[in-house]
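Subject: Structure for your review

Dear colleague,

Please find the structure below. My findings follow it.

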Amino acid sequence: MTKMNLTTRNGERIAVVAGLRTPFAKQATAFHGVPAVDLGKIVVNELLKKHDIDPTIIDQLVFGQVVQMPEAPNIAREIVLGTGMNVNTDAYSVSRACATSFQSTVNVTEAIMAGYVDVGIAGGADSSSVAPIGVSKKFARILLDLSKARSLGQKISLIRQLGLKDIMPVPPAVAEYSTGISMGQTAEQMAKTHNISREAQDELAHRSHTLATKSWQEGKLAGEVMTAYSEPYKSFIEKDNCIRENSELASYKKLRPCFDRKHGTVTAATSTPLTDGASAIILMREGRAKELGYKPLGYIKSYAFAAIDVWQDMLMGPSYATPLALKRAGMELKDLDLIEMHEAFAAQALANMKMFASTKFAREQLGQDKAIGDIDMAKFNVMGGSLAYGHPFAATGTRLIVQTLNELNRRGGGTGLTTACAAGGLGAAMIVETD
Ligand SMILES: CC(=O)SCCNC(=O)CCNC(=O)[C@H](O)C(C)(C)COP(=O)(O)OP(=O)(O)OC[C@H]1O[C@@H](n2cnc3c(N)ncnc32)[C@H](O)[C@@H]1OP(=O)(O)O
């Protein structure tokens, strides 16, 4: 197969020049009270400062946030207006559930390929601590009717229709809108369908924490996680705080399942914690990066998105998107030097790994004779994954892209796969390479 690259019309590659993320913090800890829009501003502000990028050269900023704030629906534009960037910088927001910052990266990539943009920022931010708490549909309707009621009698009769249940606040659910099935329940489905044992899930989570701890200790994350917070932002944390530095397999075994208390196997340790954080990357036309004197971290080689039904085993996206991204890159799984898969749940990652290796799955679901391939654990989530780092939904895609490129560079260069499942039965896969 001939290897292929994504390029502009005159053959220039799409360069990832730099990337940065906030430390990722467990819900209601270090970033308690800090909305996603501020996390986005913090990270973009520091990204520009750290890499001495003149904000006036940014043509476009595309950002996303999964749990949206009704008062600031276009987070991208708020970031431009709130970071001293040129007010004329185009900015819009995208949403693709947990693959949101894959999507923002693709939007900027495609704009560069089309020749419309030379320099763009992509990323995502989410806060599980500042969530839009709503009201029930009945309460919302009655509030509206109350505002239109003319007499006291009308008002009283409307209020009388409300019970205690109707006026209780409604937090956003981490569940599928059309089915009501939570992400955790889907992970339970996947563990059962694919026969993923509790032991295997515990081991993957323990591995994730152990490798993430080691990566921090070896200083590998220092360059890509911000530690300095410039004015007007206060100082926060300097390290991810979901990672268990003293992870012990024995303590995993003691935990009770969370989503199917009686027959389940998915626990708090084998689920990504609810997390706050933001991440962003700067993309440039290869020639523009050279003109400006930047040495890119790497390049976007190919990408693919895929979608499956949402009732059963919905978090299988990587198994559908990866073969497409490989085909578009003219590559096979064995050609890759690193494989970074978002660990939404240990059961979900393990089920996808099984399906990568399954010829039956390839034949029946992908319409191809050969399995995607066996995953070599020496290449898989080598610095740990989302189970340890956490998962601020929209920020995970650009975390994966930057972490993979930096690790490829430390290993002397190569090609890496980054892939994630997402709500709505969606999947994203992106292949990145270094020089
Ligand atoms: C496409 C996608 O990405 S879909 C995924 C989207 N994301 C989600 O759905 C989020 C899923 N996660 C969650 O909803 C929550 O994290 C839950 C419900 C699983 C757990 O929430 P909580 O109960 O608040 O978790 P908490 O951190 O308190 O942990 C519960 C217990 O497990 C323990 N624990 C958690 N992780 C570990 C670990 N790695 N090792 C040992 N013990 C652990 C905690 O210490 C705690 O013990 P304690 O009760 O004695 O204090």
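Strands E8 (residues 338-341) and E9 (residues 415-422) run parallel and are joined by four bridges; strands pair if DSSP finds at least two bridges between them. Here strands (E, at least two residues) and helices (H or I, at least four) are DSSP runs, numbered from the N terminus. Leu338 stands opposite Gly416 in E9. Both faces of E8 are covered, with Leu338 and Glu340 buried on one side and Ile339 and Met341 buried on the other. Buried means under 20% relative accessible area, exposed over 50%, and partly exposed in between (1.4 Å probe, protein chains only).

This is a predicted model, in which local features need pLDDT of at least 70 and side-chain atom pairs count only at pLDDT 80 or more, while totals for chains, interfaces and linings use all residues. Residues are numbered from 1 along each chain as its sequence is written, and side-chain values use heavy atoms, leaving out hydrogens and water.

An unreviewed UniProt entry places the feature "active site" at Cys98, His391 and Cys421. These residues are spread over 324 residues of sequence, yet they cluster in space, with a largest C-alpha distance of 12.1 Å. UniProt positions follow the numbering used here, feature names are shortened, and annotations may be inferred rather than shown by experiment.

Cys98 lies in the loop between strand E4 (90-94) and helix H3 (100-113), whereas Cys421 is found in strand E9. Cys98 touches His391 and Cys421, among others; contact means heavy atoms within 4.5 Å.

Methods:
Lists of a residue's contacts leave out its neighbours within four places in sequence.
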